[in-house]
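Welcome! Take a moment to look at the sequence and the model together, and then let us walk through them step by step.

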Amino acid sequence: MVLKPIALGIKYLLRKPYTRMFPIKTREYVTRQTRARHILYMDRCVGCRACQLACPADAIKMYRIEGDYPKNRPKIFPGIDYSRCTYCGLCVEACPVNALVMTNYTMQHLITEDKSTTLYTPEMLAKPPEGEYVITLSKDTWTPPPPPPPRKK
Ligand code: SF4
Ligand code: SF4
């Protein structure tokens, strides 16, 4: 029993380190579950700020935008600072009207030290990414995890 984990530890000690040399040698690792760039549907957003309140990284700020948005009486919409975003998806889950979704479109250009380029305003989020992507998290795709199995007595 005790020897098995020790043998496993030795096996991994002898292996070469597994580090993806991104972006120098390898492409980013993207799957159909990867959470990356958001899309904001401004016509659905009601300006409730639930996404901002749910964000644990303080990445979301609300912006006032004039325009014909009858569902959004306060006329405020979220913008996301991707230098702070941890891609947790809590903002998507908090949105009551499915106005915010996440795609698997990663943004290599955001690997930068210039944080002035990592802020996405509501209008920028409203434009779908230019390139291939699938929606990986939305109220339509999210299903709550099953309840835990009953405890054995
Ligand atoms: S994905 Fe998480 S960290 Fe990023 S904006 Fe949404 S709530 Fe904030
Ligand atoms: S995106 Fe959703 S949660 Fe955020 S302000 Fe709009 S309606 Fe509310």
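Predicted model: local features only at pLDDT ≥ 70, side-chain atom pairs only at ≥ 80, totals over all residues.

Residues are numbered from 1 along each chain as its sequence is written, while chains are lettered from A and ligands numbered from 1 in the order in which they are written.

Let us begin with the outline. The protein has four helices and six strands; helices (H or I, at least four residues) and strands (E, at least two) are DSSP runs, numbered from the N terminus. Along the sequence they follow the pattern α-β-α-β-β-α-β-β-α-β. The radius of gyration of the protein is 20 Å, well over the 15 Å that the globule rule gives for 153 residues, so the protein is more spread out than a compact globule. Here the radius of gyration is taken over C-alpha atoms, and the globule rule is 2.2 Å times the number of residues to the power 0.38. The C-alpha atoms fill a box of roughly 65 × 55 × 25 Å, taken along the principal axes.

How much of the protein is buried? Buried residues make up 17% of the 153 residues. A residue is called buried if 20 or more other C-beta atoms lie within 10 Å of its own, exposed if 12 or fewer, and partly exposed in between, with C-beta atoms placed from the backbone. As for contacts in the protein with a separation of 6 or more, 80% of them are between residues 24 or more positions apart; a contact means that the C-beta atoms of two residues, placed from the backbone, lie within 7 Å.

Now to the strands. Strands of a sheet pair through backbone hydrogen bonds, either parallel or antiparallel. In this account, two strands pair if DSSP finds at least two bridges between them. One open sheet has three strands in the order β2-β3-β5, with antiparallel pairing. At its edges stand β2 (60-64) and β5 (119-120), each with a single partner strand, so one side of each is left without a neighbour in the sheet. Five bridges join β2 to β3, and Y63 has F77 in β3 as its bridge partner. Two bridges join β3 (residues 76-81) to β5, where D81 stands opposite L119.

Strand β4 (residues 100-103) also has partners. Three bridges join β1 (residues 38-40) to β4 in an antiparallel run, with L40 opposite L100. On β4 there are also two antiparallel bridges to β6 (residues 135-137), and M102 stands opposite L137. From β4, L100 and M102 point one way and V101 and T103 the other, and all are buried.

Leaving aside neighbours within four places in sequence, C95 is in contact with A50, C51, L100 and K139.

Which residues come closest to the ligands? Of the 13 residues around ligand 1, the nearest are C55, A57, C85, C88 and C91. Ligand 2 is also surrounded by 13 residues, the closest being C45, C48, A50, C51 and C95. A residue is near a molecule if its C-beta atom, placed from the backbone, lies within 6 Å of it. By class, the shell of ligand 1 has 11 nonpolar, two polar and no charged residues, and that of ligand 2 has 11 nonpolar, one polar and one charged. Ala, Val, Leu, Ile, Met, Phe, Trp, Tyr, Cys and Pro count as nonpolar, Asp, Glu, Lys and Arg as charged, and the others, Gly among them, as polar.

Finally, a few single residues. K75, in the loop between β2 and β3, has a positive phi of about 60° although it is not a glycine. N98, in the loop between α3 and β4, has a positive phi of about 55°. In helix α1 (residues 3-13) you will find L8, which is exposed, with 10 other C-beta atoms within 10 Å.
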